[in-house]
Amino acid sequence: MDLRDTPAEAEFRAGLRAWLAANLTGELQGLRGGARRFEEFGREWSRKLYDAGYIGLTWPEEHGGQGAPYSHQAIFLEEMARAEAPAHIGVIGLGMAGPTIIVHGTEAQKARYLANILSADEIWCQGFSEPGAGSDLAAVRCGAELRGDRFVVNGQKVWSSYAHIADFCILVTRSDPASLGHKGLTYLIADMRAPGVEVRGLRQITGESEFNEIFFTDVEVPVENVLGEIGGGWQVAMTTLLHERGTMGFSLTAVLEVSLRKLIALARERGADAVQRDRLAKLWVELQALRYTNYRALSQLMKTGTPGPEGSVTKLVWSEANQRLTKLALELLGPEAPLFEDDAPFGGFWQWHQLRSRGNTIEAGTSEILRNIVAERVLGLPRGR
Ligand SMILES: Cc1cc2nc3c(=O)[nH]c(=O)nc-3n(C[C@H](O)[C@H](O)[C@H](O)COP(=O)(O)OP(=O)(O)OC[C@H]3O[C@@H](n4cnc5c(N)ncnc54)[C@H](O)[C@@H]3O)c2cc1C
């Protein structure tokens, strides 16, 4: 693979850089997903990105996308991360619900939902995890009983990011109460404003409430909101999970590079001993390895149109490297490390990132689960169970 930008890619990158320079105001730069201020500005910022033609780059044109190659999406994620621009507020709609609707949705579902995902007019959340079903999604117990032309949903979901601002939820339910495991699951599109839906925020270690519990009590979901087949929810959920880690590697690697450059500046300013310098160098090497793994993932995606398991490698290595990186930053800050937010140096940037990085090795597949995937699907080792 030739790693240099083609003329068309270079033109796209230059155009995006110029657009970001003109539109990314200081107020928006560095705004994080969980921050309340992001929820205030997020829709307007997302709409701006959409109007400029940067959202849905790889989505088919018939569904409001740009029909661009995956390399453009990779460049978009990379440049956005380098500029410290906030992401589109509809990360779950764009990255998971939309691609799943494109693969499994009826024409009516595509017409109803896709355009509003792109424009950020409607926000989505993901209702997969439950108190007894996280890594083991096949243990889902949230019930959906078919009564005439509607399902009646009763049960609980947890850790649902953005549920407090979401309009719709991609919801994995057990529609056959006698079933076990992968069978008897149905994938629904649930209206978050329907009677019987209750969202309760969960406070994270950062102090922000980015995710929530969702309680469903006799919530009616019309049968036309089934995505895929009744009882075929597992296959649909697998499509969602494949896309979750799809091209995110480019964004994660660029975010890591931005943080590492800040860490190097901090080490210069505060001084780092020989062992700390060695740790910095190791992080730099890891960053380069990640970059090339991303290119491998991209070339696989461009050949097959489906994300491969390389995304799991990137997510695993990135999340653990990011924890080590932010820990080293706090060591360099020394006695100032326990300060938080406005009292802390750099507005608490390092403290927040160290605390938020704890969740990175849990969300979108825990490190243990990702190691299983890498062992089985990348290295071809025998299945663990
Ligand atoms: C910030 C954040 C945002 C999230 N957002 C969402 C969201 O929007 N929607 C949603 O549905 N979920 C979301 N989640 C939930 C996330 O997907 C789950 O937390 C994750 O899948 C792990 O499930 P669990 O918490 O039930 O832990 P468990 O699955 O109970 O795991 C507990 C421990 O056992 C280990 N373990 C489990 N199974 C195995 C195995 N087979 N082999 C080896 N070790 C194993 C795990 O690695 C972990 O260390 C989010 C989580 C976080 C942290």
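I count a polar contact as a pair of N or O atoms within 3.5 Å, and with that cut-off in hand I turned to the ligand in this predicted model.

I looked up the backbone of tryptophan 159 and found one of its polar atoms 2.8 Å from a nitrogen atom of the ligand. I then went to glutamate 368, where an N or O atom of the side chain lies 2.6 Å from an oxygen atom of the ligand. For asparagine 372 I noted a polar side-chain atom at 3.3 Å from a nitrogen atom of the ligand. Taken alone the ligand would expose 980 Å², and I noted that the protein buries 68% of that area.

**Ligand, shell.** I listed 19 residues around the ligand, with Ser129, Ser135, Trp159, Thr366 and Glu368 as the closest. When I asked which elements supply at least two residues each, I found strand β3 (150-161) together with helices α10 (349-360) and α11 (367-378).

**Glutamate 79.** I next moved to helix α3, which spans residues 70-82 and holds glutamate 79. I record this glutamate as buried because its relative accessible area is 4%, which is under the 20% cut-off. Its side chain makes a polar contact with the side chain of arginine 17, at 2.8 Å.

Notes. Residues numbered from 1 in each chain as written. Predicted model: local features only at pLDDT ≥ 70, side-chain atom pairs only at ≥ 80, totals over all residues. Heavy atoms only, no water. Helix = DSSP H or I, 4+ residues; strand = E, 2+ residues; numbered from the N terminus. Buried < 20%, exposed > 50% of the residue type's maximum accessible area, 1.4 Å probe, protein only. Polar contact = N/O pair within 3.5 Å; in protein donor to acceptor, adjacent residues only side chain to side chain. Near = heavy atom within 4 Å. Areas by Shrake-Rupley, 256 points an atom, 1.4 Å probe, with all protein chains shown as cover.
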